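Please look over the sequence and the structure shown below before reading on. The report takes a few topics in turn.

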Amino acid sequence: MVNMIKQIFGKLPRKPSSKSSSSDSLSDGVIGRSAPGRKDGFIGSAAAPQSGLVNGVVVLAASYEPLPSFRDVPSSEKPFLFLRKLGMCSVVFDFSDPTKNSREKEVKRQMLLELVDYVSTATNKFSEAAMQDATKMVAANIFRTLSYSTGGEGIKVVEGVEAEEDEPAMEPAWPHLQIVYEFFLRFVASSETDAKIAKRYVDHSFILRLLDLCDSEDPREREYLKTILHRLYGKFMVHRPFIRKAINNIFYRFIFETEKHNGIAELLEILGSIINGFALPLKEEHKLFLVRALIPLHKPKCLALYHQQLSYCITQFVEKDNKLADTVIRGLLKYWPLTNSSKEVMFLGELEEILEFTQEPEFQRCMVPLFQQVARCLKSSHFQVAERSLFLWNNDHLRNLITQNRKVILPLIFPALEKNMRGHWNQAVQGLTLNVRKLFLDSDQDFFNQCSVKFQENEAKEMESQAKRELLWKRLEDIAASKAVSNEAVLVSRKVSSLSMTAFSPRATVGS
């Protein structure tokens, strides 16, 4: 009876143990096992090899073996091989340790080079799956948290000069990143990439993350991003307004919040090319961009790092629409530096470029505040500022504008010219001042003499005012001395007090 019961229970299915279950599961799903459509010795799938993340770095769960070359497979199998290689290249390696996974890193590098070559020589339209996997591979490799050598976001700047002790943080993964960027650049530029389909994957989120990477300290990466973003702007017309708006937002944050960003020069280079293609008449949106973003970019202390590109963008606007000259010049005057001589020299250079495209009606609208500022620069004790402002008269177009409007301009700058002639410490400035003075004298001697007489009269009044001030102080000192022995308070009459306040008010000393 007992034996019969044992036989019955022996025929029932046995519950597998956890050990045997785990073993069976691994044997069924082992990565190295050949599957239909794969060749022995290769990991063959459109998806990346199975892997896990440890501290943000992908760790492979199986050996990372090369796939066959595109040359070794028939043309019909190349699209599928392309997907498999994209999947393999989506694995990211840790470059903080150069000795770690060195063989796998070289395998990936060779596959990336093959992908670049394949995209460059493609003769058939890329499928939607290929576009999706291509953007996924690029995103997996390039989108990451940026590192900064300064311990914070952006560059350290002292008086507009990058701090010498801080070397830019060069990206350790550049051996792979460079090829990924090259692949994406050629993929976007390829005529086999259909923009109507690709825009589903190169979307607003993707573009924003690309723009975030422009803050990288590695200049090699920023150069690639500049070229790629320019290509994206050209290929994806539907994204153009969004790209412009996103760059605007970066500028706003830089100007009004952080004043720290490594890629302002590169973004301005992209915009310089975009502005060059603006159709006429200019849209109101573009004029607002000029007023709200480009002109305020003169404010940050680190202007020297991107001034050349900014000046080009500003000049492009004035060249396209001369009527904007007045707006731009008044904007420059608003942000004119007070204590930074190197920025003043840059402003004067940009001012000359703008005036080169300025016509007389616009020039006349802004010439009074403009030459009030030029007069302050003419008498600057910093010889480079004074010299650069005097160089404005070397420009034929500007010299003609000044000559035609000399009745307004000469009285504004005559005191500065006379004071330079009498006492500027730099001989070169004195020589240039003499040349400018001679130009005015030759163009209208009578009016020049009138200005000279007026200057002498004002100078005599200033000397008289100075004498009165000294007399007032002498009277106050005498009264104070006579009251000092008795410790009696010194009482100043209302008339004397008001005269003293007037003598030392800012308005009273403007001409001094």
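## Basis

This is a predicted model, in which local features need pLDDT of at least 70, side-chain atom pairs count only at pLDDT 80 or more, and totals for chains, interfaces and linings use all residues. Residues are numbered from 1 along each chain as its sequence is written, and side-chain values use heavy atoms, with hydrogens and water left out.

## The largest nonpolar core

A nonpolar core is a set of buried Ala, Val, Leu, Ile, Met, Phe, Trp, Tyr and Cys residues joined through side-chain atoms within 4.5 Å. Buried means under 20% relative accessible area, exposed over 50%, and partly exposed in between (1.4 Å probe, protein chains only). The largest such core holds 134 residues, and Phe251 and Leu294 touch the most other members. With ten residues, helix H6 (residues 174-189) gives the most to this core. Helices (H or I, at least four residues) are DSSP runs numbered from the N terminus.

Contact means heavy atoms within 4.5 Å. Leaving aside residues up to four places away in sequence, Phe251 touches Ile264, Leu267, Leu268, Leu271, Phe289, Ala293 and Leu297.

Gln373 sits in helix H16 (residues 360-378) and counts as buried because its relative accessibility is 10%. Its contacts, not counting residues up to four places away in sequence, are Leu333, Trp336 and Glu344. Leu333 is 40 residues from Gln373 along the chain, and their C-alpha atoms are separated by 7.6 Å.

Gln456 belongs to helix H21 (residues 445-484). Gln456 is partly exposed, because its relative accessible area is 47%. Between the C-alpha atoms of Gln456 and Pro415, 41 residues apart along the chain, the separation is 9.5 Å.

## Cavities

On a 1 Å grid over the protein atoms alone, a cavity is a set of points where a 1.4 Å probe fits but cannot get out, and lining residues have an atom within 4 Å of a point. Grid points are joined across faces, edges and corners, and a volume is the space filled by probe spheres set on the points. The whole structure has two cavities of 30 Å³ or more.

The largest cavity has about 50 Å³ of space and is lined by Trp393, Arg399, Ile402, Thr403, Leu439, Phe440 and Ser443. Helix H18 (396-404) and helix H20 (427-443) each supply at least two residues of this lining. The second largest cavity has about 40 Å³ of space, and its lining includes Arg144, Ser147, Glu171 and Asp218.

Definitions and conventions: On a 1 Å grid over the protein atoms alone, a cavity is a set of points where a 1.4 Å probe fits but cannot get out, and a pocket is an open set with protein on both sides within 12 Å along at least five of seven lines; lining residues have an atom within 4 Å of a point.
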